[in-house]
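Student: I'd like to learn how to read a fold feature by feature. Please take me through this one.

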Amino acid sequence: MINYRINKSGISIVGKDEGVHVINSATLFENITVLTPDDHGKIKIIDNGYVAVNNHRIVCVTTNQEEAKAALPNQYLSYSGKDKLLLPTFANAHCHLAMTLMRNSADDMVLQDWLFNNIFPREAKLTPDLIVKGTELAYVELIRGGTTCVADMYFAPHEVAASATQAGLRLNICCESTVSRGVNETRVMWDEVKSFVDQWHDSQEGRIRASLLVHSIYLYSESAYRELANLAKAAGVGIQIHVSETKKEVDDCLAQYGMRPPAKLAAEGIFDVPTVAAHCVWLNDEDRDVLARYGVHVAHNPISNLKLGSGIADVESMQRAGIPVALGTDGAASNNRLDMFSEMRTAALLAKGVSCDPTAVSAETALNMATVNGYRALGFVEGGLIQTGAIADLQILRLSDANLNPPANPTAAVVYSAGRENVESVMCDGQFLLYKGDLTTLDEAKIRYEAESASKLIQL
């Protein structure tokens, strides 16, 4: 077992040189309550558990201490689990990371006004350097909130992918696929996408995945959609897209094409590759049949949809249709928080209130949406759960905190009672990104200062 201490450069072995770190060391979580989805969507709780991590993976999950030790090398970091809860980290399945720079500056507006008159003009002022500064602020917020896996549907993908590498997160990053956003002309950037995919897809030991950015059915000329679908197929990547976010989007699509958004996108081949469809608020039975038939993953964004007045997605009907549903925050410009605890709780409460059925979207369902469903939606199929062989993306909550006490039902405690203030430590790919309250890969004070300065440069 290794004795350790925190210093400015991370976690170091006591008695060794400051440069010897064990952030990536073998780790044994001891005598801890384990909460995890299983492969069948059920939640499993292990009391007094032992979870061993080595070489980026979970190598043992047991209630036997000696069995767990046997799975580790002679030296390992011991983490006491007394009054602690170990669960998978969250996957934020839809986000625009650098929109943190627009937080609290474009609020209380309908989506079309918010997007075209406030967000797009600000985005025109963005540079890769500013985008990275906003993205790094998002990383801080995500990690402190127990999220290590995130989809980014935004700009400057090369620079953002590099920043995620430094931060240590798991990222499904969109490659901007078009030059213009006009209805009369849309040029698809084949060479740029291919170059990005070749460099970044499945890189950094699998922590970075690439996908194609197709904003929506309403932003490009019609001829672009088939070309974009063909580009995604040729590049071997999936697509991130907004689908049926507002009633106006659906009405306009019907008026222009005589089809609803899911049917039109399917007809153009967009769903022929793995697709994450954000929002899906305005669906009917026909739409749900289309999404289910093509295996589209839906990223439900309850708080953003509420704040923009877009409506409430019918998660229960989607799940009955066989559509896998994950959770996302959307960007901080429309949500203000990148907080998956809030999304879980809101998703469950909304479904209950709308249906007048307190059994709708249970705590178990909401936790699955925030963890394993999100990991699978973003292509990280070995994450989002705690079992031998899974990637070691883990978070620890303090069960002794007042708002979690008593934790009679740990699943309910996480979904209905917990918040990011309860997160003590966070691990991604076997590396501690947050260790007992201290960030290990990011300089939070510097990032906050630089992001606030950057935000002033894009104000209208």
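This is a predicted model: local features need pLDDT of at least 70, side-chain atom pairs count only at pLDDT 80 or more; totals for chains, interfaces and linings use all residues.

Student: What makes two strands a pair?

Tutor: DSSP has to find at least two bridges between them. The elements themselves are DSSP runs numbered from the N terminus: helices are H or I with at least four residues, strands are E with at least two. Here, A277 has V298 in β14 as its bridge partner, and A278 stands opposite A299 in β14. The chain gets from β13 to β14 through helix α9 (residues 285-293), and that β-α-β crossover is right-handed. Right-handed means that, with the strands pointing away from you, the path from the first strand over the helix to the second runs clockwise.

Student: How should I think about the two faces of a strand?

Tutor: In a regular strand, side chains alternate between the two faces of the sheet. In β14, H297 and A299 sit on one side and V298 and H300 on the other, and all are buried. Buried means under 20% relative accessible area, exposed means over 50%, and partly exposed is in between (1.4 Å probe, protein chains only).

Student: How many strands form the open sheet, and in what order?

Tutor: There are 8, all in parallel pairing, in the order β8-β9-β10-β11-β12-β13-β14-β15. β8 (90-92) and β15 (325-327) are at the edges with a single partner strand each, so one side of each has no neighbour in the sheet. From one strand to the next the twist averages 25°; such angles run from 0 to 180 degrees between N-to-C directions, with axes as lines fitted to C-alpha atoms (for helices, over the stretch in contact).

Student: Now, what about antiparallel pairs and hairpins?

Tutor: Take β17 (residues 423-428), where 6 of its 6 residues are buried. β16 (residues 394-398) joins β17 through 4 antiparallel bridges, with Q395 partnered to V426 in β17. On to β18 (residues 431-435), which runs antiparallel to β17 with 3 bridges; there V426 stands opposite L434. β17 and β18 form a hairpin with 2 residues between them, and D429 in the turn has a positive phi of about 60°.

Student: Which residue takes a positive phi in the hairpin of β4 and β5?

Tutor: N55, near 55°, and this hairpin too has 2 residues between the strands. 5 antiparallel bridges join β4 (residues 43-54) to β5 (residues 57-62), and one puts Y50 with T62.

Student: How do I spot empty space inside?

Tutor: Rolling a probe the size of a water molecule over the atoms shows where empty space is left. Here a cavity is a set of points, on a 1 Å grid over the protein atoms alone, where a 1.4 Å probe fits but cannot get out; lining residues have an atom within 4 Å of a point. Points are joined across faces, edges and corners, and a volume is the space filled by probe spheres set on them. The count is 1 cavity of 30 Å³ or more, and the largest cavity has about 190 Å³. It is lined by 19 residues, and H96, M99, L115, H215 and H242 are the closest to its centre.

Student: What sort of residues form that lining, by class?

Tutor: 10 nonpolar, 4 polar and 5 charged. Nonpolar covers Ala, Val, Leu, Ile, Met, Phe, Trp, Tyr, Cys and Pro; charged covers Asp, Glu, Lys and Arg; the others, Gly among them, are polar. Helix α2 (residues 111-123) gives the most to the lining, with 5 residues.

Student: What should I check in the loops?

Tutor: Backbone angles. N336, in the loop between β15 and α12 (340-355), has a positive phi near 80° without being glycine, and counts as buried at 14% relative accessibility. The peptide bond from N405 to P406 is cis, with omega near 0°.

Key. Residues are numbered from 1 along each chain as its sequence is written. Side-chain values use heavy atoms; hydrogens and water are left out. On a 1 Å grid over the protein atoms alone, a cavity is a set of points where a 1.4 Å probe fits but cannot get out, and a pocket is an open set with protein on both sides within 12 Å along at least five of seven lines; lining residues have an atom within 4 Å of a point.
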